Amino acid sequence: MEPILLYGFPLGSSMGLVAALEQLGQPYRLSRVDMLVDMATDAYGRINDRRETPVLITDDGRVLTETMAIAGWLEARDTQRRISYAPGTPDADRMHQIMAFVNTGFTGSFSPLWTALEMKNPDPATLEILRAHGRKSVISRHARLEAMIADTPFLVGNKLTLADTTLIGVARWAEFHDAVDPAAYPKLTALRRRIEAEPAVRFAQAIEDGQTPAGSGACKGHVPLAEVIERFGARRAA
Ligand SMILES: N[C@@H](CCC(=O)N[C@@H](CS)C(=O)NCC(=O)O)C(=O)O
């Protein structure tokens, strides 16, 4: 069977993994998860009891969670090096380093802003602290990422890699939360425009927007979430 990526909308970090699958060029399927509705259900808990996307159903039917684990699974199958570099090379090491930074410090810096947004009946003082702390964290991690960007078209070299796709699903949260001034990070801003212009990323964005883009042909269509849960979810105790 083809692997199936469960991606979240709106604004899921998993948009980057859709782009990575598309660029990898090997057959895959997608399953759409409404993060505001589906993830809270008991049924979704059978697929990922941490109630998060992304999730990959591997080609042998295993449930694999966590962006870094899924990216590693894709990298191991990227024998043509379309989204990665040969293991052990300096480029591969740098790609892993940037992916790790993006998936930890950079992504985590947005947490207070998400918490503030999702609080039910928040008191104004707590909201203010969360927002101020979140903005400070996001600004600090943007500055660190800006300093890590080299003089190459993409994060590592001349091609779109897993480092860029890991970044692009998350970076747009800065606009959503109105957390930074893009002009303060000219390298990152220009890099994001280049990444967003890549056909695989435009495909992933269109998928997230609910469109049916033609793409490369590697995507063999969507599988309803209920079917994925039924086929691959953990069985409930009787
Ligand atoms: N450590 C996880 C985090 C994934 C994550 O943050 N997913 C978000 C969407 S981008 C999510 O599912 N959030 C649900 C929630 O917090 O309720 C990974 O890297 O895959």
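Q: What does "buried" mean for a residue?
A: Buried means under 20% relative accessible area. Exposed means over 50%, and partly exposed lies in between. Keep in mind that this is a predicted model.

Q: Which residues of helix α1 are buried?
A: In α1 they are Met15, Gly16, Leu17, Val18, Ala19, Ala20, Leu21, Glu22 and Leu24. That is 9 of the 10 residues of α1, so the helix is largely enclosed by the rest of the structure.

Q: What do the buried residues of α1 pack against?
A: Their partners are β1, β2, α3, α7, α10 and β5. Now look just past the end of the helix.

Q: How many residues of helix α10 are buried?
A: In α10 (residues 199-208), 7 of the 10 residues are buried, so this helix too is largely enclosed by the rest of the structure. The buried ones are Ala200, Val201, Phe203, Ala204, Ala206, Ile207 and Glu208.

Q: What covers the buried residues of α10?
A: The cover includes β1 (4-9), α1 (15-24), β2 (28-34), α7 (162-171), α9 (186-197) and β5 (219-222). Check the residue that follows as well. Just after α10, Gly210 has a positive phi of about 85°.

Q: Let me step back to the whole chain. How many helices and strands are there in the protein?
A: The protein has 11 helices and 5 strands. Its radius of gyration is 18 Å, close to the 18 Å that the globule rule gives for 238 residues, so the protein is as compact as a globular protein of that length. Along the principal axes, the C-alpha atoms fill a box of roughly 50 × 50 × 35 Å.

Q: What share of the residues in the protein is buried?
A: Buried residues make up 47% of the 238. The accessible surface comes to about 11,400 Å², and 55% of that belongs to carbon and sulfur atoms.

Q: What share of the contacts comes from residues 24 or more positions apart?
A: Take the contacts with a separation of 6 or more. Residues 24 or more positions apart account for 72% of them.

Q: Where is Gly233, and is it buried or exposed?
A: Gly233 is found in the segment after α11 (225-232). It is buried, because its relative accessible area is 7%. Leaving aside neighbours within four places in sequence, Gly233 is in contact with Arg46, Ile47 and Val228. Gly233 and Ile57 are 176 residues apart along the chain, and their C-alpha atoms are separated by 9.9 Å.

Q: Now for charges. What can side chains of opposite charge do?
A: They can pair when their charged atoms come close. The count here comes to 8 salt bridges. One of them joins Glu66 and Arg50, with the closest N and O atoms 3.1 Å apart. This pair links distant parts of the chain, 16 residues apart. Glu66 lies in the loop between β4 (63-65) and α3 (67-77), and Arg50 in the loop between α2 (42-45) and β3 (55-57).

Q: How exposed are Glu66 and Arg50?
A: Glu66 is partly exposed, at 38% relative accessibility. Arg50 is also partly exposed, at 42%.

Q: Which residue forms a salt bridge with Arg62?
A: Asp60 does, and the closest N and O atoms are 3.1 Å apart. Arg62 is partly exposed, with a relative accessible area of 43%. Asp60 counts as exposed, at 51%.

Q: How far apart in helix α9 are Arg192 and Glu196?
A: They are 4 residues apart, which means about one helical turn. They form a salt bridge, with the closest N and O atoms 3.6 Å apart. Arg192 is buried, with a relative accessible area of 6%. Glu196 is partly exposed, at 28%. Salt bridges that share partners join Glu175, Arg192, Arg193 and Glu196 into one network.

Q: Which side chain of opposite charge is nearest to Glu146?
A: It is Lys187, 5.9 Å away. Glu146 is buried yet has no salt bridge. A salt bridge needs a nitrogen within 4 Å of a carboxyl oxygen.

Q: What does the side chain of Glu146 reach?
A: It reaches the backbone nitrogen of Leu188, at 2.9 Å. Glu146 itself is found in helix α6 (residues 124-148). Not counting residues up to four places away in sequence, Glu146 touches Tyr185, Pro186, Lys187 and Leu188.

Definitions and conventions: Residues numbered from 1 in each chain as written. Predicted model: local features only at pLDDT ≥ 70, side-chain atom pairs only at ≥ 80, totals over all residues. Heavy atoms only, no water. Helix = DSSP H or I, 4+ residues; strand = E, 2+ residues; numbered from the N terminus. Buried < 20%, exposed > 50% of the residue type's maximum accessible area, 1.4 Å probe, protein only. Lys, Arg positive; Asp, Glu negative; His and termini not counted. Polar contact = N/O pair within 3.5 Å; in protein donor to acceptor, adjacent residues only side chain to side chain. Contact = heavy atoms within 4.5 Å. Rg over C-alpha atoms; globule rule 2.2 N^0.38 Å. Areas by Shrake-Rupley, 256 points an atom, 1.4 Å probe, with all protein chains shown as cover.
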